[in-house]
Amino acid sequence: ISAERTAQMESTVAMEKVRQPENGTSVNTHPTRVFLVTLPMTLGIISNIVALCILATAYRRQRRRSKATFLLFATSLVVTDFFGHLVPGALVLCLYSGGITSDCNSLCQILGGSMVFFGLCPLFLGCAMAAERCLGITKPLLHASLVTKTRAKVCLLVIWVLALCVAILPCFKLGSYTYQHPGKWSFVNVLNETKEVDVAFVALFSGLCLTLLLVALVCNTLSGVTLVLARFKRSPLSRRSAKSNDIEMVVQLVGIMTTSCICWCPLLITLTHASLTGSIGGNLSDYQDLMYLGVRLATWNQILDPWVYILLRRSVLRKIYLIVKCQAQLNNHRLGRWEPNSFAGSL
C-alpha cells in the first residue's frame, strides 16, 4: 500500500510540474518545439487555402445537386481544418513566446476546448459526407427527395453545435482540461487527479470519435460495394457521367476516412486505454510521450484532408493514369527492340 501511495504522489508531483512550467520559458528556449508547432500550422493553412480555391471553382461549375451537396460539405471541412490550424496554433505560439503565461486557467480551457472542437468537426463532417453519398448511391430516389442545400446547411450547423457542446462540457464541471507535456498545450485530463466525470468525458470524446470513424467505414463500404455491383450491370449511356462522379466522390471519401483512421486511432486508443485502466504501463513519462505524439499525428489529419481531395480528383487521376500508361508503353517499346539474336551477338 505504501509503495502505491508513493507512486501516486510521484505521479501527482510530475503532473504539477507539467501544469506549472517555468515562467521564463521563451521562444529561444525551445526553438525545435516552436518549429514543430509552426511547420504543421503553416502547411495546414497553405494546403487548406489551395483546396478552398479549387473547391470554390468546382462549386461554381457544378450543376448536379448531389455533387453540389458533396462540395458544400467538402468546403466546410476545409474551412474547419483551416481554423483548426489557425486558432490552436496561434494560442500555442503565444504560450511559447511568453505573451501569455501558462498558469492562466482560462487559456487552458480555451485551448483544450478548441482542440476538442476542431478535432471532432472533421470526423463529424467526414461521417456526414459518407452517409450522404451512401444514401445517394444506394437510394438515389430517396436522396433526391430528402437532400437539399437548405437541409445540408442545417446539418452543417447541427454538426458545429454538437461539437461545440461537447467541447464546452468542462465549463459545466463535466470533465476538465489540463496542460500536457511539455506544458505549452492543453487537452482532456486523463491522469492528473482524475475524477469520475473526467473519465466519463474522456470516454465520451474517444468513443464518439471511434463511432464516427466506424459509421464512415460502414457507409463507404456500402457505397463501394454498390458501385462495384453496378459495374457488372449494363447501364444506359446517359448514366456513365453520373456514375463516374459517384466513383470520384467515393474514392475521395475513402481517402479521407483512411487518413482519419491513421491519424486519429493512436491517440484515441491511448485515451481509451488510459481512461479505463488509469495508467499506461505504470509510467507517466510514457503516457506523456504517447499523448504528445498522438496529438501531433492527429494534427496531420487536417493537413492531409485537403490534399486527399486535391490529388484524388478525377482530372488529376486521369493525368496520372495517362502518364503511367505512356511510360508503360515506352518501356514495352524499348523491351521490344531487344531481340534474342541481338542479345546473343552482344555476348
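Helices (H or I, at least four residues) and strands (E, at least two) are taken here as DSSP runs, numbered from the N terminus. On this basis the protein comprises 11 helices and two strands, and its elements follow the pattern α-α-α-α-α-α-β-β-α-α-α-α-α along the sequence. The structure is a predicted model, in which local features need pLDDT of at least 70 and side-chain atom pairs count only at pLDDT 80 or more, whereas totals for chains, interfaces and linings use all residues. Residues are numbered from 1 along each chain as its sequence is written, and side-chain values use heavy atoms, with hydrogens and water left out.

Of the 347 residues of the protein, 41% count as buried; buried denotes under 20% relative accessible area, exposed over 50%, and partly exposed the range in between (1.4 Å probe, protein chains only).

Two packed helices are described by the angle between their axes and the distance between the axes. Helix 4 (residues 105-138) packs with helix 7 (residues 196-231) at an angle of about 25°, and their axes lie 8 Å apart. Axes are lines fitted to C-alpha atoms, for helices over the stretch in contact, and angles run from 0 to 180 degrees between N-to-C directions. Helix 4 and helix 7 are therefore roughly parallel to each other, a term that applies to angles under 35 degrees.

Side chains of opposite charge can pair when their charged atoms come close. A search of the whole structure finds one salt bridge, defined as a side-chain nitrogen of Lys or Arg within 4 Å of a carboxyl oxygen of Asp or Glu. The salt bridge is formed by R133 with E132, the closest N and O atoms being 3.2 Å apart. R133 is buried, with a relative accessible area of 1%, and E132 also counts as buried, at 6% relative accessibility.

L36 lies in helix 2 and is partly exposed, with a relative accessible area of 37%.

K173 is placed in the loop between helix 6 (149-167) and strand 1 (177-180). Phi of K173 is near 65°, a positive value in a residue other than glycine. K173 is exposed, with a relative accessible area of 68%.

Terms used
Angles under 35 degrees count as roughly parallel, over 145 as roughly antiparallel, 65 to 115 as roughly perpendicular and the rest as oblique.
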